[in-house]
Structure formats: structure tokens, C-alpha cells
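Here is my note on the model you sent. The points run from the whole chain down to single residues.

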Amino acid sequence: MRELSRLSGVSTRTLRWYDEIGLLKPGRVAESGYRYYGPAEVDRLQHILFYRALGVELARIRECLDAPSFDRLAALREHLAALRDRKEKLEGLIRSVEETIGCEERKEIMQDERKFAAFKEKLVSDNEAAYGKEARGKYGEKAVDAANANLMGLTREQYDHWAGLDAELRARLEEAVANGLAPDSEEGRAICDLHRRWLRVTDRNLTPAKHKGIARLYVLDERFTAHYDRAVSGCARFLCDAVDRWAE
């Protein structure tokens, strides 16, 4: 085990955990309890690390690797395509930041459209850093990449409309909670509809089930709760309950 830990950079504690949950079993276990890993286990760990780098949850990784139809070569090609896509997006963001720095240093004025593009790139990057791992694990690579692409493709007018929906949603949500309204009220229904319209700007395939799942994250993840409750406590719970009641 120590040799595999040194080779892969994965701690022995993590390897033991992978064994306990059935994700990576050793090739054999000695009477002393020492775990031995062979070439097949090393290959499997490689896939686990690739999937983890892409934000896939452990349970889902185990399902993929244990599927009878699992194809190692096809999986490696998918990993490579996903990593190349990440690299392309990162390089685009780097270019944007470099351009912004250059303009600042030369005291030049960056064109508004380029500023807007840089702003969207930063927004996507910040969201990825804060929530990307959880979102990709829950909804999959394609869904998150599509949402990011939709955001990057917004015109200035479309973005202003999206931001306006967000501002209206927040104002009505805070007012509803402050006035003691119930999530199953008509105002709760209107807030649910506002939230749905806001989400659909970047997720054109939004379903009621997905809508409810996203709203539940607002009370399950303290970062989302803090975001919605920063002015009026209880907004995250109100929104979650309103969506659970009215999403259709």
C-alpha cells in the first residue's frame, strides 16, 4: 500500500477508505493485514483519479468502473477530451486576464464588449471554483458545461435581463420572508416562477425535478444558504419550500 501511495500521491488512509467502500480493493491481503496492489488495481486507481479530477462522485465512479460494459480505452479518450476542454477554457480565461492587465498597464481603455466577455469568463471561473465539483458530481459534465456555454453566449441585453430577474427574485424573496408570507402562497408561486425563469436563461433543459433539486441545495449547502440569507434570514428555506410546492 505504501508503494502505491507514493506512486499515486493518494494517502494510505484514502486507499483504506476506497477499500472499505468497495471502490478499490487490493489484489490480495496478507495475514499481517498488509494490502498488495497489482497492475489491474493501479489501472483502476488511475481512472478513479481522472474521474475525481473531473468532479465525479465516488459512488458514480464505482458504478462506471464496475459496469460490465466499461471500456478502459473509451474512458481514457473521454477523460482526454474533458481535460482538453478544461484546458481550452482555462487558456481563454488566462488570455482575457492578460489582456486586461495589459490594458491597465498601458493605460488603455478596453472595449466594452471585451470587458463584458472577460466579466463572463470570470463569473464562470468563480462559479466553477466555488460550486463546480458539486454541480458536476450531481448533474454531470455535459449539463454543467452546457450551462457555462449558455452563460458565455449571452449578449449584453440577455445578461442584463438575467441579472434583472435575479435582482427581482432577491427583492421579492426578502420582502416575502420579512412580511411572514408562506411559501405556498400566491407570492410563493410567483417567486418560484421567477426562479425558474432565471435558471432557464442558462439551463434550457430545466425540468421540475431538477428545479426542485437545485432549490434543495440552497438549504443543504451552507454556502448557498449564506448567499440567500445574507440580508434576511430564512430566504433560502422559503425559496426551497416554494419551489418544492409550485415547480411544474
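1. Accessible areas here come from the Shrake-Rupley method with a 1.4 Å probe. On that basis, the accessible surface of the protein comes to about 15000 Å². Carbon and sulfur atoms hold 52% of that surface. Keep in mind throughout that this is a predicted model.

2. The secondary structure amounts to 12 helices and two strands. In sequence order the pattern reads α-α-β-β-α-α-α-α-α-α-α-α-α-α. The radius of gyration is 23 Å, well over the 18 Å that the globule rule gives for 248 residues, so the protein is more spread out than a compact globule.

3. Along the principal axes, the C-alpha trace spans about 65 × 55 × 30 Å.

4. What share of the 248 residues is buried? The figure is 34%. As for contacts between residues at least 6 apart in sequence, 61% of them join residues at least 24 apart.

5. On charge, the protein carries 43 positive and 44 negative charges.

6. Is Arg 44 buried or exposed? Its relative accessible area is 19%. Buried means under 20%, so Arg 44 counts as buried. Arg 44 sits in helix α3, which covers residues 39–53.

7. Which residues does Arg 44 touch, leaving aside neighbours within four places in sequence? The contacts are Gly 22, Leu 23, Leu 24, Arg 62, Leu 65 and Asp 66. With Asp 66 there is also a polar contact, side chain to side chain, at 2.9 Å. That pair is worth a look in your viewer.

8. One separation involving Arg 44 can be checked directly. Val 219 is 175 residues from Arg 44 along the chain. The C-alpha atoms of Arg 44 and Val 219 are separated by 35 Å.

9. Glu 222 belongs to helix α11, residues 222–228. Its relative accessibility is 68%. The cut-off for exposed is over 50%, so Glu 222 counts as exposed.

10. Glu 222 also gives a separation to check. Leu 154 is 68 residues away from Glu 222 along the chain. Between the C-alpha atoms of Glu 222 and Leu 154 the separation is 29 Å.

Definitions and conventions:
Residues numbered from 1 in each chain as written. Predicted model: local features only at pLDDT ≥ 70, side-chain atom pairs only at ≥ 80, totals over all residues. Heavy atoms only, no water. Helix = DSSP H or I, 4+ residues; strand = E, 2+ residues; numbered from the N terminus. Rg over C-alpha atoms; globule rule 2.2 N^0.38 Å. Buried < 20%, exposed > 50% of the residue type's maximum accessible area, 1.4 Å probe, protein only. Contact = heavy atoms within 4.5 Å. Lys, Arg positive; Asp, Glu negative; His and termini not counted. Charge placed at Lys NZ, Arg CZ, Asp CG, Glu CD. Polar contact = N/O pair within 3.5 Å; in protein donor to acceptor, adjacent residues only side chain to side chain.
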